[in-house]
Amino acid sequence: MSGAVRPSMLQPSGAVLEAEVSRSRMPAEKSRLVRLPGWLKWGALIGLVQIFAIATVAPLGVSTAYPQFVGFLLDRAFPGFAERQLYLREIGSGITWEVMLVAGLFVGALLSFILSRARSRFSSQPAVAPVCVTGFEGSRARRYLRAWVGGFLFIFGARLAGGCTTGHMLSGMTQMAISGLVFGAVAFGTGMLVARLLFREPSR
């Protein structure tokens, strides 16, 4: 009987169990400590880009690029057109750094779309959360029309306001401009109201 192993010898003691549980929790707790929320990571990255832009060229802006590019095309088709337009004389026309910024945004969005679709093939999660806009679901032509109308209203409103979300919010708020703070509050409030009225989950 002296060689028999007692059940208590096969069971780990309370201290050993506690140490094992504590060790198993360490990676998860450590990952929670080092994992930053998405809004903080991407917000910090946008801030760094803004600092680089201000230090090297000028505060970021997007909507001015559209009339500048259209003015460039019309001036090529009708020489002297840009010179006769007071608005184009004020903002300039041509392939400016703002135009190149918009071109880069298009390329970046296209790459993001391609990479997201490629990643979604190996995941059960969709690349983009399915969201419908009331009155525009179920038809590709209607969705394209919705995107065009939304884009036109966006750029028209941005030029009336003298800047878009990039110029007023990112650049304006970075410089603590009152106009940027007011624009940001109104844009967020209006966006939440419109989303509440138009967007809905597809299953509802």
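**A tour in questions and answers**

Biologist: Leaving aside neighbours within four places in sequence, which residues is Q50 in contact with?
Modeller: Contact means heavy atoms within 4.5 Å. With its neighbours within four places in sequence set aside, Q50 is in contact with P59, L60, L170, S171 and T174.

Biologist: Before we go on, which pLDDT do side-chain atom pairs need to count?
Modeller: Each chain is numbered from 1 as its sequence is written, and side-chain values use heavy atoms, with hydrogens and water left out. This is a predicted model, where totals for chains, interfaces and linings use all residues, local features need pLDDT of at least 70, and side-chain atom pairs count only at pLDDT 80 or more.

Biologist: Thanks! Back to Q50: is it buried or exposed?
Modeller: Q50 is found in helix α3, residues 38–56. Buried means under 20% relative accessible area, exposed means over 50%, and partly exposed lies in between (1.4 Å probe, protein chains only). The relative accessible area of Q50 is 2%, so Q50 is buried.

Biologist: And which backbone nitrogen does the Q50 side chain reach?
Modeller: The distance is 3.2 Å. At the other end is the backbone nitrogen of L60.

Biologist: How many helices and strands does the chain have?
Modeller: Helices (H or I, at least four residues) and strands (E, at least two) are DSSP runs, numbered from the N terminus. Counted that way, the chain has 10 helices and 2 strands.

Biologist: How much of the chain counts as buried?
Modeller: The chain has 204 residues. It exposes about 15,800 Å², by the Shrake-Rupley method with a 1.4 Å probe, and carbon and sulfur atoms supply 68% of that area. The share of residues that count as buried is 16%.

Biologist: E98 has no salt bridge, so how far away is the nearest side chain of opposite charge?
Modeller: E98 lies in helix α7 and is buried. Leaving aside neighbours within four places in sequence, it is in contact with G61, A65 and Q68. The nearest side chain of opposite charge belongs to R159, at 8.6 Å.

Biologist: Let's look at the surface: how much accessible area does the nonpolar patch containing V107 have?
Modeller: V107 sits in helix α7, residues 97–120, and with a relative accessible area of 46% it is partly exposed. The patch is made of F106, V107, L110, L111, F113, I114 and L115. Together their accessible area is about 720 Å².

Biologist: Last one: what value is phi of M176 near?
Modeller: M176 is in the loop between α9 (165–174) and α10 (178–198). It is exposed, with a relative accessible area of 60%. Most residues other than glycine have a negative phi. For M176, phi is positive and near 60°.

Terms used
Patch = residues over 30% accessible without salt bridge, like charges linked within 9 Å, V, L, I, M, F, W, Y side chains within 5 Å. Salt bridge = Lys/Arg side-chain N within 4 Å of Asp/Glu carboxyl O. Lys, Arg positive; Asp, Glu negative; His and termini not counted. Polar contact = N/O pair within 3.5 Å; in protein donor to acceptor, adjacent residues only side chain to side chain.
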